[in-house]
Amino acid sequence: MTLALARRSLCLLPLVGAASAAAQPRLFSGPELKARSLVLPDNPTAPAPTVRAAPGYVTVLEFDASIDPDSLSVEGRQERFALVEATTRTVVLRPALALPEDTPLLLTVDFADGLTPSHATLALVPATGEVDAQVRVIRRPRSVPALESELEAVLARCEAGNLAKLALSGELRGGVTLERLPSADSSSEVKVLEQNIYRTLAHAVVAVELELAPGARPWTPGEAWLRDAAGQVLRRLPVWMDGTRLQPGESRSLAVELERPSAPAEPRWRVELRERDGERHMALAPFTP
C-alpha cells in the first residue's frame, strides 16, 4: 500500500510543477534604457538626429554648450508629454502618450552663444526595444575644410590695412582732419617734440613724438588721463607706443584714442601722459575734441 501511494505521488509531480508554474505572475520585460551621444550636423538641410522616447520613461538631453531655455519648442508638447523642463544645459522629457510612428515630433532649442550651429533640432520617435534615457548632444566638430575657410576669412580681415579697416567701419565717411598743436612746455626729462590730433566721425587720436633726455632712466608709459578745462579727470585711457619703453636719448611715437562727444563739450580738453610706476607725467597741449 505504501509503495503504491509513493508511485502515484511521483506520477503527480509533473502536474503539480506545471500548476505551480502557471500560478506564478508573468514578468513583462520593459525597454532597455540606453545612454548615448549624438552629434549635430552642420548642414541645416541634413536630417535631424533621432531620440527614442516612451511613455512613463524620462529622457534627459544634456548639451555640451549653453542653451536658451525660453527658446525650447516641442511638437505635441501639450497633448503627448507629461513633463518638459529645460535648464541652461539640459532638457528633460517624459511622454504621457506613445509618440506617433509615422511622423517624428521635432524638438528645437537655440544655443545661447549664437555660434554655428545656432540651434539644435532633434526628432523624437517612439521607442521599441530601447529608450534613450540619457543623450549627450554635441555640436558637430568643425571639419578641416570648414576650419580652413573660416581661418582664411579671419586672415583676410587681419591683412587689411588700418586705413581699410577704418573705411570698412564707416569712420571715414565724414573724412579725417588733422590739427597740429604746439608742444607744451615741459621741464620733464621726457620732451614732447610734436603733437597732432586726428579726428574722424566719432573718434579722435592724439599722437605725440616723445624724446627722453640722455642719461635719464628709461620711461615706460602707463595710461593717459583726460582732463577738462577745470582739471577734473574725465576718463582714464590706454596708450599705444611703438615700443615697450623709451630709452635714454631715443624718441618714439605714442598715441591715445578717445571717443568724440556726441554733444558740444567743454571748450578745451587736455591729455596727461602718466608714467608706469613712476612720477614723470606730462601734460600735453589742450585741444578741442
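## Strands, a patch and a loop residue

Let's start with strand 3 (residues 59-63) and strand 6 (residues 90-95), which pair in the antiparallel sense over four bridges. Strands here are DSSP runs (E, at least two residues), numbered from the N terminus, and two of them pair if DSSP finds at least two bridges between them. This is a predicted model, where local features need pLDDT of at least 70, side-chain atom pairs count only at pLDDT 80 or more, and totals for chains, interfaces and linings use all residues. Residues are numbered from 1 along each chain as its sequence is written, and side-chain values use heavy atoms, leaving out hydrogens and water.

Strand 6 also pairs with strand 5 (residues 81-86), in the antiparallel sense over five bridges. A hairpin of three residues links strand 5 to strand 6. Here are two of the bridge partners:

| Residue | Bridge partner in strand 6 |
|---|---|
| Val60 | Val92 |
| Ala86 | Val91 |

Val176, Leu178 and Tyr198 make a nonpolar patch of about 260 Å². Leu178 belongs to strand 10 (residues 177-181), and its relative accessibility of 45% is why Leu178 counts as partly exposed. Partly exposed lies between buried (under 20% relative accessible area) and exposed (over 50%), with a 1.4 Å probe and protein chains only.

Finally, visit Asp277, in the loop between strand 17 (270-275) and strand 18 (282-283). Asp277 is not a glycine, yet has a positive phi of about 55°. Most residues other than glycine have a negative phi. Asp277 is exposed, with a relative accessible area of 80%.

Note on methods. Patch = residues over 30% accessible without salt bridge, like charges linked within 9 Å, V, L, I, M, F, W, Y side chains within 5 Å. Areas by Shrake-Rupley, 256 points an atom, 1.4 Å probe, with all protein chains shown as cover. Salt bridge = Lys/Arg side-chain N within 4 Å of Asp/Glu carboxyl O.
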